[in-house]
Amino acid sequence: MKLKTMGIVSSLALATGMAAPAYAQDDSAASDSGRNIEIVVTAEFRETNVQDTPLAITAVSSEMLEARGQTDISQVARQAPNVTLAAQGQEYGSGLIAYIRGIGQNDPNFALEPGVGVYIDDVYLPTLTGSLLDLMDVDRIEVLRGPQGTLAGRNSIGGAIKMYSQKPRGDNSGSLEATYGSYNRLDLRGMMDIGLADNMAIRVSGVTRNEDGYIKRLDYALTHPGSNVRTRSNGDNPVLGTLGGKQTVAAKIALNWEPSPFVEVNLSADYTRERNESGVATLLYANALGGINNDPNRPWETGVDGTYVPYNCMFVPYGVNSCDTANFSAIGVDPRYVTYSTFEGGYYRDSQSPYPAQFYPHANLDNYGVALTLDIDLADNLAVKSISSWRKYTSDWAYDVDGAPHAVNPLNQTQKNEQISQELRLSGQLADDLIDFTVGGFYFDTDGTYTGRIMISGYAGIDFIHGPDPTPSNNKALFANVTFNVTDDFHLTGGVRNSWDKKDYAYQRRNPDLTPIQGPCNFFLGVPGLAGPTDIGNQPNCLLFGINGTEATFESTRFDWRVAADYRLSEQLMVYAQVATGYRAGGFNARPYFVSQATSHDPETITSYEIGFKSDLFDRRLRLNAAGFYFDYNDIVLLSNYCEDLEPLGQATPCLRPNNVGSAEVKGVELEATVFPVDNLTIDGSFAYLDFQYKEIDPTAGTGVSLDDITPYTPEVAYSFGIQYDVPDVLQGQLSFRFDGAYQSKMYTEAGNVDGRIVPSDVVPGDPGFDDLSQVGGGGPLDELVASNRIDGYFLANGKIEWNSDADDWGIALEVQNIFDKYYITTSSNDVAGVGHVFGSPGKPRTWAVTVKKNF
């Protein structure tokens, strides 16, 4: 291939074991032993050195990932400033929470759109489900911060994460790696790269990951003898099971074929199979009487004596809201990692909840696809690239986050998605290389369905089948990107993209026995003696009558643009500035209680202003990159808990409707640095500051969000650093010592920030200051409880000792994650108003692992 303007092959000249960002350099840098690292990226559709690209990019090579012991994409965020990536909480199954510069999404429902674009080998993944990717046979990861409206398109309003796989080389190489560690962790990874002919190679890679869960599910009755709670154990063992266990198998096969010097064909197929336990969740707050509509005669949990069991602090195993009396040391468990969830379906044996159910803790995923990439050189200065793909996944998971034997709101949910995409790019140079250009088109079509057994009788009085709700959508786009090389040091870049989006949604609601929901509710018909639409005497699930068969359609057209300028002041310093736009596609309310709430919302939009510099100083012993940015963020979608506009219809509540109701300004600073103070010693680090400030929120929207609140999963300050020292000539190899640390300040997990709300344990809805609550307090020995959706700031540290032979055929490593055994929460949900609880997902305690690797 003569022209590589759009290739995804990276050029690496890496110092052994180096875990630091890439350096821009010319050939003379080859003499800078230990400091000659280069990563070629394709963020602007053509191969450029990351240090010459006028964008805020964190580029991470496979060598960096290995040195840091990172095995899934969420771990990369620790070194990327203003990036938060985390595994979904139990409520959303196998997926990813992704926020960049304060913009993202954590609800994977097809009715909504993510705010961060995720790509594998330039193939777009449209949902957060299935995006928590294992870093199997990865060449590099590019994290692009800021809106990528012209370069990536829809839903990259916060930024984009692009993962690129290793391409077959045909060198008949291979590797086998085995890891054993805490919680019976056993990982196996392997790769074989075979040359089939001089112009054809195949690469096969695979991984299996197995690990026990670290959250213990305990039987409350056996751990609290004499309590009024019924046992769920079949014997004397108080451990019912665990949460967070992993069982994953993934494989990929890739073919590279160059039938002529002008044509390159890359064909790949991959498959991932997860049979995991349900995600981790522990109870942090509980305060409810424990009966449907606060009626103790319709209990969430019936005790041994036939009376209701209150839902209160005795089920919270740890923290300020705990009054748990269990002897955890005698059981041999840590109360910080305990839950009493049973995964039983609520069965209240009355006319409103006549449908039994039993769930089991699982989070399954089957995710697979095929991609074909063609690179064709039409001339020395003209090339075309075609990227074709088909992907499909099925995700199925159970959800029981009440942390107690009470069946408050257990769910079993299934998401299915099938997609096709086609992208064509024409790239080249004009006017004696004065102009570099790319023009192209993109087509994407996806057909997703969501189905759930939504058993929320405990607090909402309804238990129904949601779906299958089909949500077909498509996106078409035309784009162009042009760079004017005014001089060797000064470049102007402009980009445009026009996008057309269409999405449909069809609502299906049935009783769990698949019979039609009857209605209207007798309560709405004026039948006397009924307190509400879920009281005994109504038809089951009549609150949802009329929604079944409702359809909604959304269409929009969007034009995005980008203007950038960069100037290299010297070989050591480049400065740049850019203005860019982006958008998040519109969507629907997936969870209406009335037909009137089955509405659509418009796209969110953003205009970003950014300045920065990239530098290599002191004979490349210091690399320092910086970026400062300001966003004008409009049409922000927030969730309305009270639909004031529907008051005349009497359908203002209950309500969970997303609306375009806000605007904000976002500004921040990002620094990334790498230092080589002496030979064999490397220090790398990053720093991020972000200020998110709402400018306007519609006061009639009923969002519960104030102008002083901060967008979710966005710490104000975060930093990270890594220190690595390499010792050569140790047992005919190199011994490396590495320490990584990362800190983030406090952040909130929901748009409406709750920061230490004091709630009496005997609270009654309607009490002053508690009009939003629907549950009577659960009592107990604590007079007051503290509700919050704040995750306090924390620092995590990891360490690794690694030896690699000089011949690069053997390696062994010992790593420790969370060295200081820090207890921290990764996600949480505050539902004090509806259910009367707060639950969270604790991160792993301290773990160790040993890895042995053989290259051949």
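Leu255 sits across from Leu267 of β17, a handy place to start reading this predicted model.

As a general point, strands in a sheet pair by way of backbone hydrogen bonds, in either a parallel or an antiparallel fashion.

Elsewhere there is an open sheet of three strands, ordered β15-β14-β19, and its pairing is mixed. The edges are taken by β15 (239-243) and β19 (338-339); each has a single partner strand, so one side of each lacks a neighbour in the sheet. Strand β14, made up of residues 215-218, runs antiparallel to β15, and four bridges connect them. Here Lys216 is found opposite Thr242 of β15.

Turning to the surface, a patch of negative charge brings together Glu644, Glu647, Glu696 and Asp698. Of these residues, Asp698 lies in the loop that runs between β34 (681-697) and β35 (717-727). Asp698 counts as partly exposed because its relative accessible area is 31%, and a place in such a patch calls for over 30%.

Technical notes:
Residues numbered from 1 in each chain as written. Predicted model: local features only at pLDDT ≥ 70, side-chain atom pairs only at ≥ 80, totals over all residues. Heavy atoms only, no water. Pairing = 2+ DSSP bridges. Helix = DSSP H or I, 4+ residues; strand = E, 2+ residues; numbered from the N terminus. Patch = residues over 30% accessible without salt bridge, like charges linked within 9 Å, V, L, I, M, F, W, Y side chains within 5 Å. Areas by Shrake-Rupley, 256 points an atom, 1.4 Å probe, with all protein chains shown as cover. Salt bridge = Lys/Arg side-chain N within 4 Å of Asp/Glu carboxyl O. Lys, Arg positive; Asp, Glu negative; His and termini not counted. Charge placed at Lys NZ, Arg CZ, Asp CG, Glu CD. Buried < 20%, exposed > 50% of the residue type's maximum accessible area, 1.4 Å probe, protein only.
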